[in-house]
Amino acid sequence: MFVNHNGVLSDSTARLGLAADTRTLTGWAVLFADFNNDSLLDLYEATGRVRWQADQFTDDWLAEPNLLFQNTGTRFNLVEPLGGTVKPLLYSAHGASVGDINRDGQLDVIVVNKDAPTNVLLNTGDSGQLNNWIAFDVRDEHGAPAIGATIQLTLKSGEVYYKSIQSSSGYASSNSPHPHFGLGSHSEGVKATVHWTDRSKSTLLDVSPNTLHRIGKIK
């Protein structure tokens, strides 16, 4: 984890609580997503060995448990059971994608495993249901996802968040192109500004939370 200090990147992996667990396992796809809608990006990592090695995990010598870390604002805390599931999933996982599959306002994960079925993980966390959220379906003038555009979210408190409209993320993975923002307790005064790839802008005032909003570019 490299933190940007005025253009200079410093290795903050250990300070942020990510060194011990991520360096003992073999990471593939890595997802940053706000799984509990508290406005802080959490981290999900799909893991699986590249060398056959017998160990305590399972009969599959390439299998490892995936990892989920909760962002507290100052560091990332490892969520247990590993991977955030009731029982750790022990496979050789490679790809992982995030999106709100069942449209309940909480981000879910799909994990693609080597020589094993795909895992569809629905987010049932209580804290994510209590916090507010907002999401956007941003379309270009042709009706396709506006890949390359950026959406800026400004809260009544003055906090500003940015997300790029993109689908690819991590190793051989493609996420939902709908940018999702956790709002925590914020419930009013949300302003959304889309910065299109041609440098024009579209602004929406007082956008309602807990809703997926579609924004289309006018030709």
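The dialogue below discusses how to read several features of one predicted model.

Biologist: Which rules apply to a predicted model such as this one?

Modeller: In this predicted model, local features need pLDDT of at least 70, side-chain atom pairs count only at pLDDT 80 or more, and totals for chains, interfaces and linings use all residues. Residues are numbered from 1 along each chain as its sequence is written, and side-chain values use heavy atoms, with hydrogens and water left out.

Biologist: Which residues of the largest nonpolar core touch the most other members?

Modeller: In soluble globular proteins, nonpolar side chains tend to be buried together. A nonpolar core is a set of buried Ala, Val, Leu, Ile, Met, Phe, Trp, Tyr and Cys residues joined through side-chain atoms within 4.5 Å. Buried means under 20% relative accessible area, exposed over 50%, and partly exposed in between (1.4 Å probe, protein chains only). Here the largest core has 17 residues, and Ile134, Phe136, Val138, Ile151 and Leu153 touch the most other members. Two or more residues come from each of strand E12 (132–139), strand E13 (150–154), strand E15 (180–184) and strand E16 (191–195). Strands (E, at least two residues) are DSSP runs, as are helices (H or I, at least four), numbered from the N terminus. E12 gives the largest share of this core, three residues. A second, separate core has 15 residues, among them Ala29, Tyr44, Ala93 and Leu107.

Biologist: Is threonine 47 buried or exposed?

Modeller: Threonine 47 counts as buried because its relative accessibility is 0%. Its place is in strand E4 (residues 42–47). Contact means heavy atoms within 4.5 Å. Leaving aside neighbours within four places in sequence, threonine 47 is in contact with residues including Leu25, Trp28, Pro65 and Tyr91.

Biologist: How do strands E1 and E2 run, and how many bridges join them?

Modeller: Two strands pair if DSSP finds at least two bridges between them. Strand E1 (residues 2–5) and strand E2 (residues 8–11) run antiparallel and are joined by four bridges. Asparagine 4 stands opposite leucine 9 in E2. The two strands form a hairpin with two residues between them, and asparagine 6 in the turn has a positive phi of about 55°.

Biologist: Which peptide bond is cis, from glutamate 80 to which residue?

Modeller: The cis bond runs from glutamate 80 to proline 81, and its omega is near -5°. Proline 81 is found in the loop between strand E7 (76–78) and strand E8 (90–91).

Biologist: How many salt bridges does the count give?

Modeller: A salt bridge is a side-chain nitrogen of Lys or Arg within 4 Å of a carboxyl oxygen of Asp or Glu. The count comes to five. One of them joins arginine 139 and aspartate 137, at 2.8 Å from N to O. Aspartate 137 is buried, because its relative accessible area is 9%. Glutamate 188 forms another with lysine 156, where the closest N and O atoms are 3.2 Å apart. This pair links distant parts of the chain, 32 residues apart: glutamate 188 is in the loop between E15 and E16, and lysine 156 in the loop between E13 and E14. Lysine 156 has 62% relative accessibility and therefore counts as exposed.

Biologist: Where does alanine 172 lie?

Modeller: Alanine 172 lies in the loop between strand E14 (160–164) and E15. Its phi is near 50°, a positive value in a residue other than glycine. Alanine 172 is exposed, because its relative accessible area is 69%.
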